[in-house]
Each structure stands twice: as structure tokens, then as C-alpha cells.
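Visitor: I am new to this structure. Please show me how to read it.

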Amino acid sequence: LAREVTRMVHGETELEKALRASRVLFGESLENLDPGDVADIFADVPSSTVEKARLEGEGLPVLDLLAGSGLVPSKSEARRAVQGGGIYVNNQRLQDEKRRLTLNDTIGGALLVLRKGRKDYHLVRVSA
């Protein structure tokens with residue numbers, strides 16, 4: 001019923017966007033999505049920015065990004081969350097707390113989607 005109402009009110013294209021957004025929010029891969037689509041899907045989640053220069057070269061330690069974003073209160077809490085398997089970057093489970101994120105980890109060079117547990121999302125925008 002919800003699909004039909006959405007289709008009738010908003011059209012087929014918007015229905016497909018809504019279905020894709022719901023799959024992404026439940027852990028589906030973010031591959032093949034452009035930064036605009038990702039920004040739309042995560043428009044209502046907390047967000048922050050990181051300078052592009054911090055992701056260049058060796059990159060930014062993931063614990064710094066997690067604590068700096070406010071998704072976790074401290075680096076030690078970030079470390080525990082990663083070790084416990086509860087941190088995701090772009091819907092991929094993070095295995096190594098010593099990992100450094102680079103521009104190659106971003107979505108279109110513009111975004112990173114952080115997640116703690118099942119429901120706590122944070123969007124990181126890459127600024128020039």
C-alpha cells in the first residue's frame with residue numbers, strides 16, 4: 001500500500017529513490033551512487049566537514065575522524081567500537097582501528113558515511 005501511495009503521489013522515479021534509500025539505510029552498498037544521491041538519502045542525519053587536504057597523502061586516522069565528527073565521544077571509545085565491530089564507513093564494516101582514510105575512501109571525492117551500530121549515522125562532507 002505504501003508503495004502504491006508513493007507512486008501515485010510522487011511518481012515512479014521518486015518511488016525508486018525512496019526504495020533505494022531504505023535499502024541503503026539498512027546496510028546495502030553505497031557503490032554506484034553519486035554524491036548527490038547519497039547527500040539526499042542522508043540529508044536528515046548529523047553532518048560535519050573535513051578538509052580535503054587531511055585526506056590526501058597518507059590520509060586521516062579513522063579514530064580522529066570518528067571522534068571529531070561527534071559520532072563517538074573520544075578516540076578511546078572509537079577504538080573500542082571498531083574493535084567490537086560496530087563502526088562502518090560507507091556501509092562497510094571497519095576492521096582496523098589504525099586505518100587511515102584517504103580520498104579513495106570517499107564517495108565521489110565528496111562524502112563519507114559513518115555509522116555506529118545499526119542506526120547512528122553521520123555524514124562527512126569533504127571541503128576544498
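**Reading a buried aspartate and the cores**

Guide: Asp105 is buried, with a relative accessible area of 19%. Buried means under 20%, exposed over 50%, partly exposed in between (1.4 Å probe, protein chains only). This is a predicted model: local features need pLDDT of at least 70, side-chain atom pairs 80 or more, while totals for chains, interfaces and linings use all residues. Residues are numbered from 1 along each chain, and side-chain values use heavy atoms, without hydrogens and water.

Visitor: Where does Asp105 lie?

Guide: Helices (H or I, at least four residues) and strands (E, at least two) are DSSP runs, numbered from the N terminus. Asp105 sits in the loop between strand 5 (100–101) and strand 6 (111–116).

Visitor: With which side chain does the side chain of Asp105 make a polar contact?

Guide: A polar contact is a pair of N or O atoms within 3.5 Å; within protein, one must be able to donate a hydrogen and the other to accept it, and residues adjacent in sequence count only if both atoms are side-chain atoms. Here the partner is the side chain of Arg99, at 2.4 Å. The backbone nitrogen of Thr102 lies 2.8 Å from a polar side-chain atom of Asp105.

Visitor: How many residues has the largest nonpolar core?

Guide: A nonpolar core is a set of buried Ala, Val, Leu, Ile, Met, Phe, Trp, Tyr and Cys residues joined through side-chain atoms within 4.5 Å. The largest has 20 residues; Val62 and Leu114 are among those with the most contacts inside it. Helix 5 (62–69) gives this core its largest share, four residues.
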